[in-house]
Amino acid sequence: MRLYVTGGNGFVGSNIVKVALERYNAAVFSTVHSRLPEGAPDLEYAPVNMVDPQQVLNSVRTFQPNAIIHAAILNNFELMYQDRKLAWQAYVDSTRFLVRAANEVGAKIILVSSDWVFDGTQVDADEFTPPNPINLYGVLKLVAETVVTETAENGAVARVSAVNGVHWFQPNSPLTQNVGLGNMIPAVVNALQRGQRFSVWEGDINMHATPGLASECAEMMLRIIQRDCRGIFHCCCGQRVGRMELAKAAAKIFGLDAGLLQTGPPDWSGMVGVPVPCDTSMSARYTAEQLDYTLPDINRILQIYHRQLETGRLETQTG
Ligand SMILES: NC(=O)c1ccc[n+]([C@@H]2O[C@H](COP(=O)([O-])OP(=O)(O)OC[C@H]3O[C@@H](n4cnc5c(N)ncnc54)[C@H](OP(=O)(O)O)[C@@H]3O)[C@@H](O)[C@H]2O)c1
């Protein structure tokens, strides 16, 4: 397999690269933007700005992938709301450029999307539930999904949700709680390991989701490629959880003091005035069937994450 990844040095991207290299023996190319990936000697990379159509096309033509995973993202809500054109370019135009390039070289393309395409009033939205985003990020993700489903000759959408896990190329970057449920587990573990109290936010934020472990999300994406699946897929775990339930489960699996957990108001820094979907839990049963994959529950995810931290090595459910 020849896999071209955008944002391979980001959090989710680093897991895609790691799983592709170590479990699928793939030749992998990643775009780089403002930082170089550290710690992946077998990875090919070059600077590519995803909003530059010529850079995208040239790099795809040079590498000649048979699959592309678009994981890069402008990860800055404040900037997205201030500069809507830039946001549109980063989410929608970049996807269009990559689809064109994929169609030209005959590659499959997977767009990494999000549970935030849903409005947060539905429990267990499945792969066929019509989305109804309530903020700019969700709208842009949905438009980008539509670009893939309508114009890619061989396309798939991989919606991830509340992603937790190891950032393989920046293992020491601080992962903090946010109004989504991503990073919640590392944030809780870091605080409790230091004996610090941890305030689990309560409010008009993302209170429930079906979290994903980044390496398991990556494993599911690689199976989408290997089995040549097309359409929309939910790459998350098989259990809906709330914030406090997730924090307590993390404390238990890591053997930490759950008595240090308390509730408190959210910090809205960088997100002031942005509506956030409340319950973005997704059903991934259809995806699991298509991929012949067993959806892990929260405890299983936590156990795998615990072992990854202990050993510093990639481990997935299947080896
Ligand atoms: N994390 C979650 O909980 C979560 C939840 C739902 C969906 N997702 C989706 O998962 C995907 C990855 O998210 P993440 O959490 O891994 O984000 P991340 O860690 O912020 O990574 C983003 C990546 O995009 C790259 N990038 C930014 N601007 C670029 C540009 N103009 N051209 C090329 N590359 C550019 C960044 O490179 P530099 O760092 O070098 O600038 C970085 O490698 C996104 O599609 C996101 O919507 C994530």
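**Helix packing and overall dimensions**

Helices H2 and H4 run roughly parallel to each other (angles under 35 degrees count as roughly parallel, over 145 as roughly antiparallel, 65 to 115 as roughly perpendicular and the rest as oblique). The model is a predicted one, in which local features need pLDDT of at least 70 and side-chain atom pairs count only at pLDDT 80 or more, whereas totals for chains, interfaces and linings use all residues. Residue numbers start from 1 along each chain as its sequence is written.

The axes of H2 (residues 53-63) and H4 (residues 84-105) come within 9 Å and cross at roughly 30 degrees; axes are lines fitted to C-alpha atoms, for helices over the stretch in contact, with angles from 0 to 180 degrees between N-to-C directions. This crossing of H2 and H4 is right-handed (the near helix is turned clockwise from the far one by less than a right angle). Pro53, Val56, Leu57, Val60 and Arg61 of H2 form the contact with Phe97, Leu98, Ala101 and Val105 of H4, contact requiring C-beta atoms, placed from the backbone, within 7 Å. By class, eight of these residues are nonpolar, none polar and one charged (Ala, Val, Leu, Ile, Met, Phe, Trp, Tyr, Cys and Pro count as nonpolar, Asp, Glu, Lys and Arg as charged, and the others, Gly among them, as polar).

H4 also packs against helix H5 (residues 136-151), with axes that come within 9 Å and cross at roughly 15 degrees. H4 is therefore roughly parallel to H5, and the crossing is right-handed. On the H4 side, Ala87, Trp88, Tyr91, Val92, Thr95, Arg96 and Val99 meet residues of H5 that include Leu136, Leu140, Lys141 and Val143. The contact of H4 with H5 comprises 11 nonpolar, two polar and two charged residues.

Helix H1 (residues 11-23) and helix H7 (residues 214-226) pack with axes 8 Å apart, at an angle of about 55 degrees, and are therefore oblique to each other. The crossing of H1 and H7 is right-handed.

The secondary structure amounts to 10 helices and 13 strands, taken as DSSP runs (H or I of at least four residues, and E of at least two) numbered from the N terminus. Of the 319 residues, 49% count as buried (20 or more other C-beta atoms within 10 Å of a residue's own).

Note on methods. Two residues are in contact if their C-beta atoms, placed from the backbone, lie within 7 Å. A residue is buried if 20 or more other C-beta atoms lie within 10 Å of its own, exposed if 12 or fewer, and partly exposed in between; C-beta atoms are placed from the backbone.
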